[in-house]
Amino acid sequence: MQDWNWDPFPLPGQAVFDWQHQRIAAVSRAPGNLDLFVIGYDKKLWSTYWNDRTGWAPGWFPLPGKAVFDWEHQQIAAVSRTPGNLDLFVIGYDKKLWTTYWSDQTGWAPEPFPLPGQPVFDWEHQQIAAVSRAPGNLDLFVIGYDQKLWSTYWSDQTGWAPSPFPLPGQPVFDWQHQHIAAVSRAPGNLDLFVIGYDKKLWSTYWSDHTGWAPSPFPLPGDPVFDFEHQQIAAVSRAPGNLDLFVIGYDKKLWSTYWSDSTGWAPSPFPLPGQAVFDWEHQQIAAVSRAQANLDLFVVGYDKKLWSTYWSGATGWAPEPFPLPGQAVFDWEHQQIAAVSRAELNLDLFLIGYDQHVWTTYWGESNASITKLIDNGPFGAKYTIAVVGDGFTAADQIAYNTAVDTLVTNGLFANDYFSANRGSFNLVRVNVNSVDSGVSTKTYDAAGNVTASTTRNTAFGAVFNGDWAHCWVEDGPNTASALTNVLDHLVPDRRIVMLLLNNPGFGGCGGGGRLTLPLGVTWSTVAHEFGHALGGLADEYHNLNNTYTSGEPGAANVTINTNRATLKWRWAVGATTPIPTGGDDYTAPKPAGWDDNQGVGLFEGGAGNFSTGIHRPVVNCRMRSNTPAYCPVCNRAMHAVTDPFATAPTGSSEPAEQELVVANADSYLRLRVRSRSGRLSVIGAEQVAGPFVEPAPEEGALAHEVIVAGRSVAVGDIGDQAVSRSFSEPGSPGPDEHHIYQPDDFEFVVRVPTDEVRAVAPADITIRVGRVAGTDGDRLSLLPRLEASAPEAVASEESLNLGSTQLPPTLRAILGE
């Protein structure tokens with residue numbers, strides 16, 4: 001499967017380069033090879049390389065020789081004239097054309113050297129265009145001081161021409177601003193392109209049958225472009241074809257094309273889509289990854305890498321789109337270098353804000369998905385995504401087996417999850433890590449790291465084996481890397497399980513994710529799903545504290561001892577005493593009593609409290625993992641998953657706002673950050689399919705979306721705002737649970753697309769608060785959250801979208 005890597009990343013090495021002035025030259029000297037070049041701060045020519053056998057070189061290195069060049073103005077032109085050969089060109093301080101070369105027989109030339117001839121060119125403004133029109137041939141082009149197009153050439157029969165020379169014709173071009181785009185559309189052919197003083201696209205050509213055209217000429221069409229800022233990107237997608245690209249005054253991507261059967265298109269034209277780019281600073285990078293394919297790249301106003309594509313089978317993509325990843329780059333200074341190292345592969349390079357060279361790639365995906373349980377589209381079902389970290393390609397079979405044991409044949413083979421299998425999708429994501437196993441840390445009693453090991457893994461997660469540090473922890477890029485790969489492969493998911501290749505036990509939950517090593521069993525995972533899915537509280541008590549706070553929001557613990565108003569009064573038998581007992585029903589128990597299914601009011605629960613709080617049964621999965629969920633917990637779980645059991649997989653008219661399931665064509669999945677009570681939207685994806693959002697429980701932390709004063713979506717935040725450690729029963733660790741609510745957390749807001757399409761951002765508000773009410777049935781709470789009943793949510797946080805910066809995808813849907 002071909003796909004984009006989920007995040008740009010810096011190349012190995014400590015060398016740094018100038019992101020405001022420098023550009024990377026990238027070339028593939030043979031299939032499966034990449035070579036990069038740049039002028040360094042020491043004014044030397046620097047390089048690094050990649051091949052499909054050894055990967056990236058460990059670092060950048062200067063090429064042999066003493067010659068120096070200007071890193072603030074000059075760029076390197078790189079070309080491969082035959083497989084296994086490289087030739088570099090640059091204008092030197094003496095204004096001559098300079099070169100150096102490499103072959104796989106002799107390595108690098110000992111020193112860069114000037115090409116033959118007396119003509120000189122401007123090293124502060126001009127750049128060389130280099131192309132190989134046939135194996136063993138090189139052609140160079142530059143605009144001279146006389147404003148003519150100049151050239152020189154090399155062949156392996158005759159060597160270099162004695163001197164650069166002007167091409168035929170009288171038209172002149174701007175040597176201070178313009179650069180030539182050169183391409184060979186077929187062996188023995190050359191085509192040059194430049195924007196003229198009349199702002200038209202101009203061309204001239206050469207073939208080995210006719211030589212040079214008598215004069216440069218303007219291409220057909222009336223559209224004009226900016227000759228002082230814009231440059232043409234030219235590519236041949238197949239022999240006898242040419243495609244040109246430039247950013248127009250309307251900020252759209254424009255194109256024109258030629259084929260040897262139809263000639264030039266009658267006029268340049270804008271490509272499909274509403275996305276806009278900067279015509280004064282940005283340039284397009286164009287490449288053909290395979291015959292009859294075109295890919296364009298540019299840095300957008302949001303500082304992301306953007307792309308659009310064409311194929312002979314489908315035509316142009318309907319809209320430019322940002323590539324996966326969180327990395328950002330400078331759209332005012334940086335340009336992308338794009339190359340195809342082999343058919344159906346793409347590699348992009350540019351210098352980042354940290355002065356390192358960054359890359360991303362498209363090709364055989366490092367990640368793949370398998371739907372182990374497939375009951376419909378992602379959003380129509382409660383989707384669980386299992387992802388592995390620290391599993392190499394050789395470990396994938398072991399990873400698959402672990403997922404089957406823990407989840408498919410563990411969690412989903414037992415009681416509640418087996419009975420409600422139709423409400424779920426279960427997706428396994430396979431990602432290859434470089435190293436087997438994950439990084440580790442060891443802490444002392446004071447919390448200092450006393451030992452560590454580092455592994456190169458896909459997500460950089462760490463196992464520490466310490467209850468006080470939640471057993472596991474994220475590396476610096478774990479969360480963003482997971483988001484990137486899952487946004488791409490699993491567009492909507494409710495819970496993520498990150499399974500670490502480490503034999504330890506214990507893990508960390510919350511934030512919409514369970515991170516756990518291989519030593520955890522399915523029953524412990526089922527207990528954690530009670531928290532994450534059902535919003536349930538623990539029913540055990542490790543400490544003998546007394547609970548003194550208010551009524552808990554969870555459905556399975558209470559401070560209420562009044563039978564008439566008890567949350568779970570519907571499940572209590574008429575003869576069952578209230579309160580019923582403590583850790584057990586006082587003997588003798590009634591005939592037929594079941595400690596797991598018999599509901600009463602038993603004191604103790606919520607992890608640390610033996611008094612002051614009550615639970616429904618003697619023993620439940622939320623008390624000791626292995627029993628099934630009790631009737632109260634089971635009902636709370638059903639309230640969440642039942643809407644997914646009946647969710648439609650097609651589309652029809654949108655439902656009224658009070659319905660949990662809306663038969664919408666699509667919905668928005670917004671990633672919202674809460675940082676010390678301040679909300680911001682940090683991501684937005686449109687997901688095809690029906691809108692399903694179970695209503696929140698009374699007392700739960702919830703979000704509400706209000707459009708023009710009308711409530712259009714409400715959802716439970718729940719476990720997304722919590723961090724909790726968990727472990728196997730009997731494993732070492734202190735009695736007190738590690739549970740806290742971080743000041744900085746992310747949660748997901750889902751809203752039907754039609755409710756916000758073309759709506760002014762100022763008319764949309766997201767607010768967060770606790771659900772108020774007296775009825776324990778969460779499904780009846782949704783109508784109380786309408787804007788006409790503001791007392792329903794005690795607002796803790798609020799964000800009006802008109803007062804904040806929004807992601808481009810959200811802006812597009814809002815019609816901005």
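R724 is buried, its relative accessible area being 9%. In this predicted model, the side chain of R724 forms a salt bridge with that of D719, with an N to O distance of 2.3 Å. The count of salt bridges comes to 29.

**Salt bridges**

- D719, the partner of R724, counts as buried at 11% relative accessibility. Both values lie under the 20% limit for burial, so each end of this pair falls in the buried class.
- A salt bridge also joins the side chains of D492 and R750, with 2.9 Å from N to O. This pair links distant parts of the chain, the two residues being 258 residues apart. D492 lies in the loop between α3 (478–489) and β43 (495–500), whereas R750 belongs to strand β57 (residues 744–752).
- D492 has a relative accessible area of 1% and is buried; R750 is likewise buried, at 5%.
- D492 and R750 take part in a network of salt bridges that also includes R494, R669 and E693.
- K589 and D595 meet through their side chains in a salt bridge of 2.8 Å, N to O. K589 is partly exposed at 34% relative accessibility, and D595 is partly exposed at 25%.

**A buried aspartate without a salt bridge**

- D330 is located in the loop between β32 (321–322) and β33 (337–339). D330 is buried but has no salt bridge.
- The nearest side chain of opposite charge to D330 is that of K303, at 5.6 Å. A salt bridge requires a distance within 4 Å, so K303 does not qualify as a partner.
- The side chain of D330 does reach the backbone nitrogen of H333, at 2.6 Å. A polar contact at 3.5 Å connects the side chain of D330 with the side chain of Y353.
- Beyond its neighbours within four places in sequence, D330 is in contact with W19, Q282, V299 and Y353.

**The second largest pocket**

- The volume of the second largest pocket is about 1700 Å³. Its lining comprises 49 residues, of which W306, P322, A684, P808 and T809 are the closest to the centre.
- Two or more lining residues come from each of β1 (2–4), β30 (305–311), β32, α3, β51 (678–688) and α8 (808–814).
- Strand β51 supplies the largest share of the lining of the second largest pocket, with seven residues.

**Cis peptide bonds**

- The peptide bond from I578 to P579 is cis, and its omega is near -10 degrees. P579 sits in the loop between β46 (541–546) and β47 (602–605).
- A587 and P588 are also joined by a cis peptide bond, with omega about 0 degrees. P588 lies in the loop between β46 and β47.

- Q147, a residue other than glycine, has a positive phi near 70 degrees. Q147 is placed in the loop between β14 (137–143) and β15 (149–155), and Q147 is partly exposed, with a relative accessible area of 26%.
- N625 also has a positive phi, near 75 degrees, and is a residue other than glycine. N625 occupies the loop between α5 (621–624) and α6 (631–645). With a relative accessible area of 7%, N625 is buried.

Technical notes:
Residues are numbered from 1 along each chain as its sequence is written. This is a predicted model: local features need pLDDT of at least 70, side-chain atom pairs count only at pLDDT 80 or more; totals for chains, interfaces and linings use all residues. Side-chain values use heavy atoms; hydrogens and water are left out. Helices (H or I, at least four residues) and strands (E, at least two) are DSSP runs, numbered from the N terminus. Buried means under 20% relative accessible area, exposed over 50%, partly exposed in between (1.4 Å probe, protein chains only). Lys and Arg count as positive and Asp and Glu as negative; His and the chain ends are not counted. A polar contact is a pair of N or O atoms within 3.5 Å; within protein, one must be able to donate a hydrogen and the other to accept it, and residues adjacent in sequence count only if both atoms are side-chain atoms. Contact means heavy atoms within 4.5 Å. On a 1 Å grid over the protein atoms alone, a cavity is a set of points where a 1.4 Å probe fits but cannot get out, and a pocket is an open set with protein on both sides within 12 Å along at least five of seven lines; lining residues have an atom within 4 Å of a point. Grid points are joined across faces, edges and corners, and a volume is the space filled by probe spheres set on the points.
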